[in-house]
Amino acid sequence: MASSAQDFGPVLDKDGVRLTVDDAIATVTLANPAKRNAQSPALWRALTEAGRLLPGSVRVVVLRGEGKSFSAGLDRQAFTPEGFDGEPSFVDLARGGDAELDATIAEYQEAFTWWRRSDIVSIAAVQGHAIGAGFQLALACDLRVVADDVQFAMRETSLGLVPDLTGTHPLVGLVGYARALEICATGRFVTAEESVNTGLANLAVPAADLDATVRDLAGALLAAPRDALIETKALLRGAQDRTYEEQRVAERAAQARRLRDLAGLGE
């Protein structure tokens with residue numbers, strides 16, 4: 001039987017973002033390789049919309065970028081006085097009030113927050129450059145599989161800014177405070193080998209094998225019962241904010257729910 005993606009085409013295809021759904025796997029593609037998938041407010045709104053359009057059947061979301069680069073980061077047009085057509089420039093935003101500026105940045109961040117929803121597992125397939133906003137978008141996902149040519153870099157600090165698209169929390173959680181500070185402060189490249197060695201990436205493979213490796217990983221995730229995976233993800237996500245004893249309590253409560261469901265006694 002043909003897949004839903006083959007039958008109906010993209011669920012969303014605009015502003016450099018394409019969403020396709022094939023049964024339990026959704027694929028979000030950054031689809032502007034001519035600009036190395038540079039990001040803009042319009043792209044962020046499309047990413048937010050992609051999250052809202054996910055059918056309930058989706059269990060795994062793959063994020064990928066077309067072309068040689070995953071994403072070269074924020075489109076430099078954002079730093080020009082005129083900015084993007086129909087959008088406030090960064091200069092205009094800076095001139096606004098604190099509440100307006102905060103609300104605008106919060107709206108931008110929504111494109112980066114839904115990837116860790118409890119009901120899905122997200123995988124970033126990253127090749128070539130993943131710089132600034134591109135790095136933070138990869139960090140927004142639960143898992144990262146990288147090509148051997150990957151180059152992560154957090155360049156915001158060198159531009160006089162800070163990483164503000166939700167990347168700081170996962171970066172510190174993955175590599176620790178000291179290394180995260182050094183990566184952000186220097187803006188240097190992080191290679192595939194270092195990514196795996198520090199826990200930033202789960203796997204590094206030859207670029208030609210990236211898509212196949214991600215498909216295999218998605219298949220392995222789908223092999224686990226959905227409710228058990230959701231409970232496990234929630235346990236692990238909350239572990240860093242709980243004490244050891246609190247985590248024990250959370251484990252017992254989650255297991256009790258699973259046992260009742262397996263016995264047909266769930267609410």
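**A tour of a helix pair and selected salt bridges**

Begin at E194, which is buried, with a relative accessible area of 17% (buried means under 20%, exposed over 50% and partly exposed in between, using a 1.4 Å probe and protein chains only). The model is predicted, so local features need pLDDT of at least 70 and side-chain atom pairs count only at pLDDT 80 or more, whereas totals for chains, interfaces and linings use all residues. Residues are numbered from 1 along each chain as its sequence is written, and side-chain values use heavy atoms, with hydrogens and water left out.

Next, select R179 together with E194: their side chains form a salt bridge at 3.1 Å, N to O (a side-chain nitrogen of Lys or Arg within 4 Å of a carboxyl oxygen of Asp or Glu). R179 belongs to helix 7 and E194 to helix 8 (residues 192–198), so this pair ties together parts that are 15 residues apart in sequence. Helices here are DSSP runs of H or I with at least four residues, strands are runs of E with at least two, and both are numbered from the N terminus. R179 is partly exposed, at a relative accessible area of 35%.

Now display helix 6 (residues 168–175) and helix 7 (residues 177–186), which pack at an angle of about 125° with their axes 7 Å apart. The axes are lines fitted to C-alpha atoms over the stretch in contact, and angles run from 0 to 180 degrees between N-to-C directions. The two helices are therefore oblique to each other; angles under 35 degrees count as roughly parallel, over 145 as roughly antiparallel, 65 to 115 as roughly perpendicular and the rest as oblique. Which residues meet in this pair? L171, V172 and V175 of helix 6 contact Y177, R179, A180 and C184 of helix 7, where contact means heavy atoms within 4.5 Å. Of the residues in this contact, six are nonpolar, none is polar and one is charged.

Move to E49 and K14, whose side chains meet in a salt bridge of 2.8 Å, N to O. E49 lies in helix 2 (residues 41–52) and K14 in strand 1 (residues 12–14), so the pair links parts 35 residues apart in sequence. E49 is partly exposed at 26% relative accessibility, and K14 is also partly exposed, at 37%.

Finally, select R248 and E245, which form a salt bridge with the closest N and O atoms 2.8 Å apart. Both residues lie in helix 11 (residues 244–262), three residues apart, about one turn of the helix. To close, select R179, E182, R188 and E194, which salt bridges with shared partners join into one network.

How values were computed. Nonpolar A, V, L, I, M, F, W, Y, C, P; charged D, E, K, R; others polar.
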